[in-house]
Amino acid sequence: MSGSTTGTRLRVGIIGAGWVTQHHLKGWAGLKDRAEVVAIADPDQDRARKRAEEFGIGMVFASAEQMLAQTALDAVDIAAPREYHADLVRLAAQHDLAVLCQKPLAPTYAEAAVLVEEVSNECRLMVHENWRFRSYYRTIARWLAEGRIGEIVQAEMCLFTSGLLKDGQGLLPAIQRQPFIALLDRALVMEILIHHIDTLRFLLGDLSLAYASIGRSSQAMRGEDRASIVFETGTGASVSLSANLAVHGRAPAQADRLTLIGSRGTIELEGDTLQCFGDSPCTMKFDLDATYLQSYASAIEHFVECVQKSLPFETAAFDNLKTLGLVERIYECKSDGMRRS
């Protein structure tokens with residue numbers, strides 16, 4: 001397993017040049033004294049060259065194989081479509097590189113579990129699960145650790161948007177932003193709610209699935225676009241997660257909403273406002289656009305810090321399998337007697 005990068009300035013190759021890589025590359029740019037993206041690979045050469053020009057990347061390749069064969073690297077950032085993740089992680093492991101891989105590790109839990117078992121002794125692997133790195137969730141985690149609201153007895157998280165309702169131009173904002181989501185068989189839960197599930201695990205500890213109902217309302221989607229899910233914490237607290245991408249009266253953009261009810265207080269996040277009620281009242285405001293970009297930068301900084309100092313990743317592959325396991329159970333819910341509409 002690679003261990004030669006301790007204390008050195010990392011040479012990084014990014015695999016993929018799609019929409020999300022603009023946020024990855026802004027994060028890497030903020031760490032130029034500790035890491036540098038020196039190469040980018042994508043079969044779409046026009047797209048790869050555009051990213052290279054935007055961010056001053058010196059080398060452009062048509063494939064990850066070419067990039068890894070011809071470039072001396074310490075780490076790779078995998079931001080290709082999910083169906084390629086497993087093979088790309090294996091390729092990077094063969095080259096003894098540290099790996100930061102976009103979620104999910106693979107299209108299914110079974111594939112991801114096999115992958116993690118195969119490469120666990122071959123490379124350092126972190127899942128780029130950046131949602132939990134948003135500054136308001138880090139603040140909530142600190143408040144919970146301080147015991148500000150006592151023991152959690154109930155929690156509710158929801159994501160209601162109008163992203164799949166036509167706007168004034170007759171377009172669907174959610175699909176305009178990320179066209180690929182319309183083509184996914186596993187859409188809302190695997191692509192979006194996986195972030196929320198991981199964040200709930202980060203804040204509340206291990207969860208078990210108690211109930212799940214998923215369904216599709218929009219004919220523009222191949223996969224599900226609504227979900228009602230209930231988890232339980234290790235102490236028996238009920239945690240509900242609800243989402244719908246076709247809600248009249250809601251904005252098309254995603255805004256986080258979370259309520260944590262404790263034995264001595266309540267924490268509530270709604271959009272840009274985070275409040276704590278009880279013995280230690282507090283109100284904080286966040287710049288949502290800045291917080292969004294910061295979460296990518298913070299996840300990447302964590303990766304670099306851990307690689308350079310040989311520290312454990314917070315979102316290591318073995319930990320992320322717990323999130324993927326819950327996602328898989330949601331998709332299996334029909335055969336277990338839970339509802340799947």
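The model is predicted. On that numbering, Pro104 sits in the loop between β5 and α5. A cis peptide bond links Lys103 to Pro104. Helix α4 is largely enclosed by the rest of the structure, because seven of its 10 residues are buried. No disulfides turn up: a search of the whole structure finds zero.

**The β5–α5 loop**
- The cis bond between Lys103 and Pro104 has an omega of about -15 degrees.
- Pro107 is also found in the loop between β5 (98-102) and α5 (109-119).
- Pro107 has 22% relative accessibility and therefore counts as partly exposed.
- Beyond its neighbours within four places in sequence, Pro107 is in contact with Arg82, Glu83, Arg186 and Met190.
- Pro107 and Tyr84 are 23 residues apart along the chain, and 9.1 Å separates their C-alpha atoms.

- Helix α4 covers residues 85-94.
- Its buried residues are His85, Ala86, Leu88, Val89, Leu91, Ala92 and Ala93.
- The cover over these buried residues includes strands β1 (10-15), β4 (75-78), β5 and β6 (125-128).
- Helices α3 (64-70) and α5 are also included in that cover.

**From α4 to β5**
- Asp96 follows α4 and is found in the loop between α4 and β5.
- Asp96 is not a glycine, yet its phi is positive, at about 60 degrees.
- Relative accessibility of 36% makes Asp96 partly exposed.
- Leu97 lies in the loop between α4 and β5.
- Leu97 counts as buried, because its relative accessibility is 4%.
- Leaving out residues up to four places away in sequence, Leu97 touches Leu68, Leu73, Asp74, Ala75, Val76, Ala92, Cys123 and Arg124.
- Leu97 and Glu122 are 25 residues apart in sequence, with 8.7 Å from C-alpha to C-alpha.

**Packing of α1 on α9**
- The axes of α1 (residues 21-29) and α9 (residues 288-309) come within 8 Å.
- They cross at roughly 60 degrees, so the two helices are oblique to each other.
- The crossing of α1 past α9 is right-handed.
- On the α1 side, the contact residues are His23, His24, Lys26, Gly27 and Trp28.
- On the α9 side, they are Tyr292, Leu293, Tyr296, Ala297, Ile300, Phe303 and Val304.
- By class, the residues of this contact comprise eight nonpolar, three polar and one charged.

**After α9**
- Ser310 lies in the loop between α9 and α10 (317-331).
- Ser310 is a residue other than glycine with a positive phi, near 55 degrees.
- Its relative accessibility is 48%, so Ser310 counts as partly exposed.

**Cysteines**
- The search for disulfides across the whole structure finds zero.
- Cys282 is in no disulfide, and the nearest cysteine sulfur, in Cys276, is 7.0 Å away.
- A disulfide needs two cysteine sulfur atoms within 2.5 Å.
- Cys282 counts as partly exposed, because its relative accessibility is 24%.
- For Cys306, the closest cysteine sulfur belongs to Cys123 and is 15 Å from its own, so it is too far for a bond.
- Cys306 has 2% relative accessibility and therefore counts as buried.

Definitions and conventions:
Residues numbered from 1 in each chain as written. Predicted model: local features only at pLDDT ≥ 70, side-chain atom pairs only at ≥ 80, totals over all residues. Heavy atoms only, no water. Axes fitted to C-alpha atoms, helices over the stretch in contact; angles between N-to-C directions. Helix = DSSP H or I, 4+ residues; strand = E, 2+ residues; numbered from the N terminus. Parallel < 35°, antiparallel > 145°, perpendicular 65-115°, else oblique. Left-handed = near helix turned anticlockwise from the far one by under 90°. Contact = heavy atoms within 4.5 Å. Nonpolar A, V, L, I, M, F, W, Y, C, P; charged D, E, K, R; others polar. Buried < 20%, exposed > 50% of the residue type's maximum accessible area, 1.4 Å probe, protein only.
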